[in-house]
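Trainee: I have a structure to read and some questions about it. Can we go through them one at a time?

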Amino acid sequence: MLDIAFAKPALPKSGALVLLLEEGAAAGSPTAALLDAADAATDGAVSRALAAAEFKGRRDQTVTVLAPGAGLSRVVAVGLGKLDGIAARHLEDAGGHAAAALAREAAAAVSTAGLTGAQAAHVAMGLALRSYRFDRYRTAEKPQDKPKLGKATVLTAELPKARDAWGGLKAVAEGVFLSRDLVSEPANVLNPAEMAERCRKLQSLGLKVEVFGPKEMTKLGFGALMGVAMGSANEPRMVVMTWNGAGAAKGRTKAKPLAFVGKGVTFDTGGISIKPAGGMEDMKWDMGGAGTVVGLMAALAGRKAKVDAIGLVGLVENMPSGSAQRPGDVVKTYSGQTVEVINTDAEGRLVLADVLWYCQQKYDPRFMIDLATLTGAMIVALGHEYAGFFSNDDGLAQQLHDAGTVTGEAVWRMPLGEAYDRQIKSDIADMKNIGGRPGGAITAAQFIQRFVNAKPWVHMDVAGTVWRSKDAPTIPKGATAFGVRLLDRLVAEHYEG
Ligand code: BES
Ligand code: MN
Ligand code: ZN
């Protein structure tokens, strides 16, 4: 992780300087304090360059001025837009733009003049998030091709407040990085057993981690999850991560925990209903929902959230082989309901069915939120900007939507209904695992709803948002960890204390 420090505002004598400037900020205005100082030291060179580049301070506007004088190697101006109504996501985006412009610098000072200490911490968050890189498997990269930025000093007048807020945000950033690492790993490295081992490492943060193997899950009666796992030489796992932060803090009687459940298909070939070759490599990130749950649990534990929460992930590999399940097979789920497996590529819902039923039976949670790269249909509906979600609880749905607006991990509610549910009627079993092309993301959600036992519940289909093919301000292209910031915010805003 990028080394972040906080210091009192002062014009650096050398190196790089970032100025975060409000839209339309004239000389002498609060966010321009260090711009004025830089101008004084460079005979107005910085302001002249910004004027020539037509820099206005609009959101996402970034201008780099090279070697303006006074020993500075570069000055990067980043627009904040209007400060009125500025959200965490805008501050993080500004930090992200700055980090991108600083790739050729080893260190930089970042002015947050005019912002509060807490806002400065969000700028630091953006700097850190954009600096993420997964380079474990690059052995021949030349040093001059690697991004250099190793340290950022965030300048703020409110030092204690900034450091305090950064303490919590840093833990969230670490959760994001863990999630991105897991999702980026190729499937020959990250199989279910390996992912379970990485979950086990979270014990060092104070999480309780339990791992279930095929014997335990068969004994419990996880016929749906085990059916998916049957075709693979790699054994399945279920991991339960428990964070007890509320009771410990207050010594009060146990509240119902919040539950987060993730689809962790470490590779999805489709099974016997095999996928076409083109793009199949993407299916290494079919464990993205589970990756988010693991990152979220790390974030909650890392910042010692005052909440009781559990994270459950169902980890399987979906492969075709002589021992794989066949289209037409009927499996018995842990709930007792039977499923006709029409298409072995609709495997995520089979995995979630058993894990969700187990979750509500064993823990009686306050709510369950599941995350899954569940359907291509979700990508057709919403593209890569919003994750679609489904819920049986209007209050929870509103809270989630609002957390999306603040964090920038945007979510859009989709409908549920009896007519959709009828699409998954089977002639031979209690249901079938696909509902045809119309409303494919919705019939998948209907399937899952049959395993939540009327508990307050959200299903997030993150198929379009766990991976990006181009850079975003706080997300280098690749694994996004979508949902970690969103759900951390949801918990912090409504369920802590
Ligand atoms: N993991 C896929 C969904 C997916 C597809 C995610 C493409 C991201 C990109 C899921 O297991 C799947 O294969 N779903 C099928 C369901 C169908 C058989 C009803 C799909 O969406 O095609
Ligand atoms: Mn599939
Ligand atoms: Zn899948």
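Trainee: Is phenylalanine 134 buried, partly exposed or exposed?
Mentor: Keep in mind that this model is predicted. Phenylalanine 134 sits in the loop between helix H4 (117–130) and strand S6 (151–155). Its relative accessibility is 22%. Buried means under 20% and exposed means over 50%, so phenylalanine 134 counts as partly exposed.

Trainee: How far apart in space are phenylalanine 134 and aspartate 181?
Mentor: Start with the sequence, where phenylalanine 134 and aspartate 181 are 47 residues apart. Then go from C-alpha to C-alpha in space. That distance is 6.7 Å.

Trainee: Which residues are closest to the centre of the largest pocket?
Mentor: The largest pocket holds about 970 Å³ of space. Its lining counts 29 residues. Phenylalanine 134 is among those closest to the centre.

Trainee: Which element gives the largest share of the lining of the largest cavity?
Mentor: The whole structure has two cavities of 30 Å³ or more. The largest has about 40 Å³ of space, and its lining residues include Arg59, Asp60 and Gly79. Strand S4 (72–81) and H3 are the elements that give two or more residues to this lining. The largest share is four residues, and it comes from H3.

Trainee: How many charged residues are in the lining of the second largest cavity?
Mentor: The second largest cavity has a volume of about 30 Å³. Its lining is Gly227, Val228, Gly231, Gly271, Ile272, Asn318, Met319, Ala324, Gln325 and Thr344. Sort them by class: four are nonpolar and six are polar.

Trainee: Which residues are the protein donors of the manganese ion (ligand 2)?
Mentor: The protein donors lie 2.0 to 2.2 Å from the manganese ion (ligand 2). They follow the spacing D-x76-D-x1-E along the chain. Asp345 donates through both O and OD. The residues are Asp268, Asp345 and Glu347.

Trainee: What is the geometry of the site of the manganese ion (ligand 2)?
Mentor: The site has six donor atoms. Six count as octahedral if opposite donors are over 155 degrees apart and all others lie between 65 and 115. Here the angles among the donor atoms run from 71 to 168°. The site is classed as irregular.

Trainee: Which residue coordinates both the manganese ion (ligand 2) and the zinc ion (ligand 3)?
Mentor: The two ions are 3.2 Å apart. The residue that coordinates both is aspartate 268.

Trainee: How many residues apart in sequence are the parts tied together by aspartate 268 and aspartate 345?
Mentor: Aspartate 268 lies in strand S9 (residues 258–268). Aspartate 345 lies in the loop between strand S12 (338–341) and helix H11 (348–363). Aspartate 268 is buried at 2% relative accessible area, while aspartate 345 is partly exposed at 21%. The pair therefore ties together parts whose separation in sequence is 77 residues.

Trainee: How many disulfides does the structure hold?
Mentor: A disulfide is a covalent bond between the sulfur atoms of two cysteines. For cysteine 199, the nearest cysteine sulfur is that of cysteine 359, 15 Å away. Cysteine 199 is buried at 0% relative accessible area, and cysteine 359 also counts as buried at 0%. The number of disulfides is zero.

Trainee: Where is glutamate 54 found?
Mentor: Glutamate 54 has a positive phi, near 55°, and is a residue other than glycine. With 55% relative accessibility, it counts as exposed. Its place is the loop between helix H2 (45–52) and strand S3 (62–69).

Trainee: Is asparagine 453 buried, partly exposed or exposed?
Mentor: Asparagine 453 is not a glycine, yet its phi is positive, about 55°. It is found in the loop between helix H15 (440–449) and strand S17 (457–461). At 40% relative accessibility, asparagine 453 counts as partly exposed.

Terms used
Residues are numbered from 1 along each chain as its sequence is written. Chains are lettered from A and ligands numbered from 1 in the order in which they are written. This is a predicted model: local features need pLDDT of at least 70, side-chain atom pairs count only at pLDDT 80 or more; totals for chains, interfaces and linings use all residues. Side-chain values use heavy atoms; hydrogens and water are left out. Donors are N, O and S atoms within 2.8 Å of the metal (3.2 Å for Na, K and Ca); water is not among the atoms, so sites may look incomplete. Four donors count as tetrahedral if all angles lie between 85 and 135 degrees; four count as square planar and six as octahedral if opposite donors are over 155 degrees apart and all others between 65 and 115; anything else is irregular. Buried means under 20% relative accessible area, exposed over 50%, partly exposed in between (1.4 Å probe, protein chains only). A disulfide is a pair of cysteine sulfur atoms within 2.5 Å. On a 1 Å grid over the protein atoms alone, a cavity is a set of points where a 1.4 Å probe fits but cannot get out, and a pocket is an open set with protein on both sides within 12 Å along at least five of seven lines; lining residues have an atom within 4 Å of a point. Grid points are joined across faces, edges and corners, and a volume is the space filled by probe spheres set on the points. Ala, Val, Leu, Ile, Met, Phe, Trp, Tyr, Cys and Pro count as nonpolar, Asp, Glu, Lys and Arg as charged, and the others, Gly among them, as polar.
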